[in-house]
Amino acid sequence: MKLLVTGGAGFIGSNFVRYMVNKYPEYNIVNLDLLTYAGNLENLKDIENAANYKFVRGDIADREFINGLFQEEKFDYVLNFAAESHVDRSITDPGIFVQTNIQGTLALLDAAKTFGVTKYLQVSTDEVYGTLGETGYFTEDTPLAANSPYSASKAGADLLVRAYHETFGLPVNITRCSNNYGPYHFPEKLIPLMIINALHDKELPIYGDGLNIRDWLHVEDHCQAIDLVLHKGRNGEVYNVGGNNERTNIEIVKTILKHLNKPESLMKFVKDRPGHDRRYAIDATKLRTELGWSPKYNFDTGIEQTINWYLNNREWWENIISGEYQDYVKSQYGGRLGVE
Ligand code: NAD
Ligand code: TYD
């Protein structure tokens with residue numbers, strides 16, 4: 001079996017590549033990543049020389065390159081993790097989100113169709129469903145109602161994936177997960193940003209009233225879910241993946257401060273994010289009952305493990321913060337590095 005994993009140098013993609021390289025020594029895994037500001041080959045240092053792993057640098061939206069790669073490698077499975085993924089960046093620069101998340105997905109779908117892959121799996125997000133009030137859960141039948149340029153680009157991509165199944169019979173699945181946390185999370189997102197700021201005794205910026213709710217999913221539980229959907233998912237189906245761990249942002253920040261023994265006075269309430277979704281909560285019944293998935297982590301052990309990972313891997317995030325890693329990428333690869 002030959003797998004193409006796109007975006008495998010990012011947070012979730014790198015955790016997934018490691019999981020698959022170790023679990024399936026008989027599979028060949030090609031990691032295609034543009035190495036934008038969010039892609040980091042240091043995430044895969046421990047498996048970079050594995051016999052069943054190969055890295056290729058490239059842009060999923062570059063059709064000529066993508067078609068050449070598909071022709072050469074003859075992939076069985078394609079898993080698309082590559083994306084611009086940060087909501088705040090999508091508010092200041094939506095164009096690159098359309099380019100990578102929609103045009104990139106379209107280029108991959110066309111190649112998957114032309115070269116006849118066995119399965120195309122699109123890694124999507126619960127944010128395509130929009131926002132919830134105090135009650136209720138997103139199911140796979142919840143209408144799409146994206147509110148940010150990021151989630152709109154992901155919803156657009158999901159509809160293209162659906163259309164390629166309905167129109168051309170492409171064997172596809174879409175997974176829609178809640179907020180992931182765990183090792184190698186890029187330090188612009190809530191949990192790593194707050195850990196690193198707290199370690200530096202810097203203010204922790206909390207948007208609005210801090211009562212927005214996210215449903216936190218450990219990245220390893222997400223990887224296991226994708227593995228199940230890849231091998232057992234019914235073609236054309238969407239599967240929600242959620243941790244059943246709803247927390248307000250304030251609760252998250254207070255938990256981090258408590259673990260690090262830092263004062264709550266570091267919390268600073270700042271201007272709210274425009275269009276800020278209030279609450280996400282996933283109903284993952286379909287994945288549990290149909291494919292037998294169950295998460296291994298509870299939030300208390302998962303967040304403790306994650307905080308300890310950041311404490312024990314300072315060099316990893318210090319290189320990112322100082323810009324040293326991007327300097328290295330430029331010297332090795334040159335070319336476009338994505339939004340800075
Ligand atoms: P990330 O930003 O950490 O990583 C994205 C990766 O994609 C990076 O390695 C980047 O270099 C690569 N990339 C960007 N543009 C590319 C292009 N044009 N061609 C090739 N590679 C490109 O993101 P993540 O948090 O790991 O998210 C992975 C996927 O999961 C995304 O599709 C995202 O929408 C989805 N998702 C993430 C979360 C979350 O909590 N992080 C939640 C739901 C869904
Ligand atoms: P984020 O990690 O950006 O993920 P998403 O927007 O995809 O859910 O943000 C998680 C929550 O934390 C979200 O409600 C916005 C909030 N947030 C802050 O309050 N301060 C911050 O500095 C960041 C990055 C996020």
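So, leucine 35: one of its backbone N or O atoms lies 3.5 Å from an oxygen atom of ligand 1. Keep in mind as I go that this is a predicted model. Glycine 39 does something along those lines, with a polar backbone atom 3.5 Å from an oxygen atom of ligand 1. Then there's threonine 100, and here the side chain is involved: an N or O atom in it is 3.1 Å from a nitrogen atom of ligand 1. As for cover, ligand 1 on its own has 830 Å² of accessible area, and the protein covers 97% of that.

Who else is around it? There are 28 residues surrounding ligand 1, and the closest are Ile12, Asp33, Ser85, Tyr150 and Lys154. Sorted by class, that shell has 13 nonpolar, 12 polar and three charged residues. Which element gives the largest share? That's β5, with three residues.

Okay, over to ligand 2. It has 18 residues around it, and the ones that come nearest are Glu127, Pro205, Arg214, Arg273 and His276. Let me pick out a few contacts. A backbone N or O atom of leucine 190 lies 2.9 Å from an oxygen atom of ligand 2. Proline 205 brings a polar backbone atom to 2.8 Å from a nitrogen atom of the ligand. And asparagine 249 uses its side chain, with a polar atom 2.9 Å from an oxygen atom of ligand 2. Taken by itself, ligand 2 has 510 Å² of accessible area, and the protein covers 96% of it. The elements giving two or more residues to this shell are α6, residues 190-199, and β8, residues 204-207. By class, you get eight nonpolar, five polar and five charged residues around ligand 2.

Take arginine 63 and aspartate 110, whose side chains meet at 2.9 Å, N to O. Arginine 63 is in helix α2, residues 63-73, and aspartate 110 is in helix α4, residues 94-114, so this pair ties together parts that are 47 residues apart in sequence.

Next, arginine 279 and glutamate 246, which form a salt bridge at 2.8 Å, N to O. Arginine 279 sits in the loop between β13 (267-270) and α9 (285-291), and glutamate 246 is in strand β12, residues 246-248, so here the parts tied together are 33 residues apart in sequence. Arginine 279 is buried, at 5% relative accessibility, whereas glutamate 246 is partly exposed at 27%.

One more of these: glutamate 237 and arginine 234, with side chains meeting at 3.6 Å, N to O. Both residues belong to a salt-bridge network that links Arg234, Glu237, Lys286 and Glu290. On accessibility, glutamate 237 is partly exposed at 22%, and arginine 234 is partly exposed at 43%.

Now the rings. Searching the whole structure turns up 17 aromatic pairs. My example is phenylalanine 16 with phenylalanine 81, a tilted pair at 5.1 Å centre to centre, with 35° between the planes. Phenylalanine 16 is in helix α1 and phenylalanine 81 in the loop between β4 (77-80) and α3 (87-92), so the pair ties together parts that are 65 residues apart in sequence. Phenylalanine 16 is buried, with 0% relative accessibility, and phenylalanine 81 is buried too, at 11%. There's also a cluster to look for on the screen, where ring pairs link Tyr184, Trp309, Tyr310 and Trp316.

Last stop, threonine 139, which you'll find in the loop between β5 and α5. Threonine 139 is partly exposed, at 26% relative accessibility.

Methods:
Residues are numbered from 1 along each chain as its sequence is written. Chains are lettered from A and ligands numbered from 1 in the order in which they are written. This is a predicted model: local features need pLDDT of at least 70, side-chain atom pairs count only at pLDDT 80 or more; totals for chains, interfaces and linings use all residues. Side-chain values use heavy atoms; hydrogens and water are left out. A residue is near a molecule or strand if one of its heavy atoms lies within 4 Å of it. A polar contact is a pair of N or O atoms within 3.5 Å; within protein, one must be able to donate a hydrogen and the other to accept it, and residues adjacent in sequence count only if both atoms are side-chain atoms. Accessible areas come from the Shrake-Rupley method with a 1.4 Å probe; for residues, only the protein chains shown count as cover. Helices (H or I, at least four residues) and strands (E, at least two) are DSSP runs, numbered from the N terminus. Ala, Val, Leu, Ile, Met, Phe, Trp, Tyr, Cys and Pro count as nonpolar, Asp, Glu, Lys and Arg as charged, and the others, Gly among them, as polar. A salt bridge is a side-chain nitrogen of Lys or Arg within 4 Å of a carboxyl oxygen of Asp or Glu. Buried means under 20% relative accessible area, exposed over 50%, partly exposed in between (1.4 Å probe, protein chains only). Rings of Phe, Tyr and Trp (its six-membered ring) pair if their centres lie within 6.5 Å; planes under 30 degrees apart count as stacked, over 60 as edge-to-face and the rest as tilted.
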